[in-house]
Amino acid sequence: MHNVFEHTYKGLNIICVEQKSFKKSYVGIGTRFGGGDFLNSSFHYSGLAHFIEHQLFQMPTGDAFEGFAKQNAKANAYTTIDKTIYYFTTIHSIYKPLELLLTMYFTPYFKKEAVEKEKGIILSEIEEVLDDIQSEFAIQMLKHLYPKDPFSSKVVGETSSIKKMNENILLAGYKRYYTTKNSVLVLITPESYQDIFDRIKTIMDHLPCSQKGVRHAPMVISDAPKPSFTMTSSSSQTMVSVGIRFRNQRRTPQFCNAIIAILDSILSPTSKFYQELYQDNLFYADIDYMVHQSKDASYVMITTYSLQPEVFIKRVIEKLKNLSTKEIDKNSIIRTLKYLKAKYITNLDDISVLGDEILSLALEGLSYFKEENVCLKLTYDEIIKFLVEFHNAFYSYGICKKNENK
């Protein structure tokens, strides 16, 4: 059984989940600053949030990763389109690595030599993405769903922007977004929440924490996606992707689970529609689909390999645009609901997954436990109400073919 305590100190929202049955602890802190955020209205350095994430581990005392390791803690970080998160897990006392995490987070140390060295590392990452055909295809699909929107920016950045980075640009971005009011701290631990809050206050009293509020520029400006695109690559197979951009941007806890359940009902191997596509030889690999919903955007990407990509696209879009309850397998929906509910319960025993979910949602102003409570009560009748999302959605598609000139 867990107890959840919330506290605010110097503008920082602190969420402590006291879980006495856990041997391991999770501590994570994040900022509402990701790959799609603008530094200001006059210029935009693509990849700035990701670059800061890499550099923030550099401290006057050395590499923070080594510091966490010496304190028997395993640390990591990642950047998404709208947030950056730093965290550690440990089976030992959290207090020393907690102090290291907060000190690292609130006292940037950007030096010219380290920044120049990091440029090479990030430029190599960009090249790796370009060489990964599936990743590049997905990026292009997202750019067509949200054309010229910050939301479809590359988190890792663009080559031209990364080459311009310097310590002053990093510091300007840091000062704008790494404030207490733009951050959330999450702890999941068997230790006493009151002792933790007292220790956090002591640590933060010695740190130069900015308490400024942050105004975020909109990440989605476009009204609709581009209809389609074709790209070529060195792949010997033809990839196809159907993109669905939902019009309703109202954030609801049930959305992702309901959309997944509907897609499972018509695109899982046991479904009638899947079997029809298979018998007509319209694909020759698994049909993968991913669902995204955040405060800025809601979309689906359906991807596979096909020898008849145009026909596959037409059949899938027609099916989704005209979905009715007659075509939805109720038993499939119920099976998916059972799986999703089991996943929520399993997450309660996986501290890293649970910590990441709580922190990610908190940065969007949402409560994981409230969302969990709603999703655990999701029913077939409630899922069916989401069919209208497919009827009203925007549709786009992409085809990735072999470059015949090579």
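Biologist: Why is Lys154 counted as buried?

Modeller: Buried means under 20% relative accessible area, exposed means over 50%, and partly exposed is in between (1.4 Å probe, protein chains only). Lys154 has 11% relative accessibility, so it counts as buried.

Biologist: What should I know about the model itself?

Modeller: This is a predicted model, where local features need pLDDT of at least 70 and side-chain atom pairs count only at pLDDT 80 or more, while totals for chains, interfaces and linings use all residues. Residues are numbered from 1 along each chain as its sequence is written, and side-chain values use heavy atoms, leaving out hydrogens and water.

Biologist: What makes Glu136 and Lys154 a salt bridge?

Modeller: A salt bridge needs a side-chain nitrogen of Lys or Arg within 4 Å of a carboxyl oxygen of Asp or Glu. Here the closest N and O atoms are 3.8 Å apart, so the pair qualifies. Glu136 lies in helix α5 (residues 133-145) and Lys154 in the loop between α5 and α6 (159-164), so their bridge ties together parts 18 residues apart in sequence. Helices (H or I, at least four residues) and strands (E, at least two) are DSSP runs, numbered from the N terminus. Glu136 is also buried, with a relative accessible area of 10%.

Biologist: How do you know that Lys119 and Glu116 are separated by about one helical turn?

Modeller: They are three residues apart in helix α4, which means about one helical turn between them. Lys119 is buried at 11%, whereas Glu116, at 39%, is partly exposed.

Biologist: Which residues are linked with Lys83 in a network of salt bridges?

Modeller: Asp82 and Glu364. The closest N and O atoms of Lys83 and Asp82 are 3.1 Å apart, and both of these residues are buried. The whole structure has 10 salt bridges.

Biologist: What makes a nonpolar core?

Modeller: It is a set of buried Ala, Val, Leu, Ile, Met, Phe, Trp, Tyr and Cys residues joined through side-chain atoms within 4.5 Å. The largest one here has 52 residues, and Phe68, Tyr86, Leu102, Leu187 and Ile200 touch the most other members. Helix α3 (residues 95-106) gives the largest share, eight residues. Apart from it lies another core of 40 residues, including Phe283 and Val316.
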